[in-house]
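Here is a briefing on one protein model. Look at the sequence and the fold, then read the points below.

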Amino acid sequence: MFSWITKVQQHCQKVRQKMSPSGLFFQAFLSFWLTIFSILVLLVLLSQLQPERLETKALKGKLLNSMVHLQQNIERLVNVKQKPLTKVIAHPRFNEHKWLYLAHSNIEQSLTSQPNKYNLDLSLLHFDEPQVPQFIATERYFAYGPFELNVQGERYQLFQIKPLREPPLLMRIKMLPFWLKALAVLLPSVLLSILFSRRLVAPLNSLGSSAKALASGELTARVQIPKHRRDEVTILMHDFNHMADKLEQSVNTHKQLLADVSHELRSPLTRLSLANALAQDNANEQQLAYLTRIEKEAQCLDKMLSDILTLSRLEHGQQTLHVQQVSMATLLDNILLDAQFEAEQMGKELHIATLPELTLSCDGELLSSAIENVLRNAIKYAAQTINISFTVTNNQIEICIADDGEGVSEEALKQLCQPFYRTSQSRNRDSGGIGLGLAIAKRAIFAHHGTLQFNHNQPHGLLVIMTLPI
């Protein structure tokens, strides 16, 4: 019952977070309506900045014929029957349901059949040059004309006026050029979409980068949480950091436990070796064989514990580096001689390029041990040939060790330096030990600010590239 109530409370809390002003739902909703509002505001501003203008198109069909007939009747009544022009256009026959406007070159002599109670700007209908009859649209009225009217020796331009019931602002927006309308729509849409997308994607990119770093083994990777942000993405970032804290604590606890156990095993192992040595002094031939076997296994166990402790100190930054200037010859001569001998004993060929004449600032013992681990690994898994080459570039040296063995899969290539990882599941020391050599080598090289990289060797085998600063 209690767990059910807790789940309901958690669900309600999530719903409140989504509907809160800082939630993604509210942000998306606000962004949409803010875009619509911005488009409308921009359209209004552009319509106000745009000067009053006319839109025209050719007058055709029944409306053209009706206006021509009206023009002819007015001219006949005025010119033939000598009726006053003002009375003719004011007659119900012409004036009913029509508003006629006669534009004169002298605007003060222009005539209208109805009072201009809408205060329309009829001066827009005065054209200096003769015009063909058109449909004319302004923001406040439509007009049909002009039709040339010659009466009583005066020339007029006849128009029929139709006031609009729509608000002038709406008409001004409708009459905006297409490119201005497109600009009013695209500009707010693009800008606000970019802003909202960046606000949404930026923390997700940061979260993704931190997740990749954590997956690659960087346990201290954390995502930077914005201070003034409270939405679902922020909650996810908090959860990620909490998960990373727990993971780092768990891994460090595991490593510390392994190091502590290894350290505590050193004392009984030392006593075991001492007791075994004393027992060998009084043992017969058969017992001596067993005691010798015990001594060999104790030495292997001691080497294993030593490797674990070394790896633990390197991972926790507790390994003290005795840095001094060491020449490449001093660093590698003994290693290469031993490797040459080991390769010959296994019927394999070790090809060594000329050593560069330079010195490194390093802990010679630790670094030489790391290089030896990589080299012996190559000798062990090579089919016939191992090549060692050196390249000096950009204040660094690359040591390349390539073998022609079977190589490893793409998946295994990424995990070769993981502690206790081996491509074979066997833990038989004769088939490759317990998988600590490359892990120690990688961390020793990192401690010297270098890099260790594994690639496929062509056509087959493994290529290891160690890069060290000079």
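S12 and S13 form a hairpin, with five residues between the two strands. Gly461 sits in the turn and has a positive phi of about 115°. The model is predicted: local features need pLDDT of at least 70, side-chain atom pairs count only at pLDDT 80 or more, and totals for chains, interfaces and linings use all residues. Residues are numbered from 1 along each chain as its sequence is written, and side-chain values use heavy atoms, with hydrogens and water left out.

**The hairpin strands**

- Strand S12 covers residues 451-456, and strand S13 covers residues 462-469.
- The two pair in the antiparallel sense over six bridges. Two strands count as paired if DSSP finds at least two bridges between them.
- Asn455 stands opposite Leu463 in S13.
- Helices (H or I, at least four residues) and strands (E, at least two) are DSSP runs, numbered from the N terminus.

**The six-stranded sheet**

- Strands of a sheet pair through backbone hydrogen bonds, either parallel or antiparallel.
- Here, six strands form an open sheet in the order S1-S4-S5-S6-S2-S3, and the pairing is antiparallel.
- Leu102 has Leu111 in S3 as its bridge partner.

- Helix H3 (residues 61-79) lies across S2, strand S5 (141-151) and strand S6 (154-163).
- H3 runs at about 35° to S5. Axes are lines fitted to C-alpha atoms, for helices over the stretch in contact, and angles run from 0 to 180 degrees between N-to-C directions.
- Asn73 has its place in H3.
- Is Asn73 buried or exposed? Asn73 counts as buried, at 9% relative accessibility. Buried means under 20% relative accessible area, exposed means over 50%, and partly exposed is in between (1.4 Å probe, protein chains only).
- Leaving aside neighbours within four places in sequence, Asn73 is in contact (heavy atoms within 4.5 Å) with Arg93 and Phe94.

**A nonpolar patch**

- Phe29, Phe32, Trp33, Ile36 and Leu40 make a nonpolar surface patch of about 520 Å².
- Patches are made of residues with over 30% relative accessible area and no salt bridge; like charges are joined within 9 Å, nonpolar side chains (Val, Leu, Ile, Met, Phe, Trp, Tyr) within 5 Å.
- Ile36 is found in helix H2 (residues 24-49). Ile36 is partly exposed, with a relative accessible area of 31%.

**Salt bridges**

- How many salt bridges are there? The count comes to five. A salt bridge is a side-chain nitrogen of Lys or Arg within 4 Å of a carboxyl oxygen of Asp or Glu.
- Glu148 and Arg155 meet in a salt bridge (3.4 Å, N to O). Glu148 is partly exposed at 26% relative accessibility, whereas Arg155 is exposed at 55%.
- Asp245 and Arg222 form a salt bridge, with the closest N and O atoms 2.7 Å apart. The pair links distant parts of the chain: Asp245 is in helix H8 (residues 232-281), and Arg222 is in the loop between helix H7 (178-215) and H8, 23 residues apart.
- Arg376 forms a salt bridge with Glu342, the closest N and O atoms being 3.2 Å apart. Arg376 lies in helix H11 (residues 364-381) and Glu342 in helix H10 (residues 328-345), so the pair ties together parts that are 34 residues apart in sequence.
- Salt bridges that share partners join Arg222, Asp245 and Glu248 into one network.

- Ser306 is found in helix H9 (residues 285-315). Ser306 counts as partly exposed, at 28% relative accessibility.
- Ser306 and His263 are 43 residues apart along the chain, and their C-alpha atoms are separated by 8.6 Å.
- Buried residues in helix H13 (residues 437-447) include Leu438, Ile440 and Arg443.
- His449 follows H13 and has a positive phi, near 65°.

**The whole protein**

- The protein has 13 helices and 13 strands.
- Of its 470 residues, 35% count as buried.

Technical notes:
Accessible areas come from the Shrake-Rupley method with a 1.4 Å probe; for residues, only the protein chains shown count as cover.
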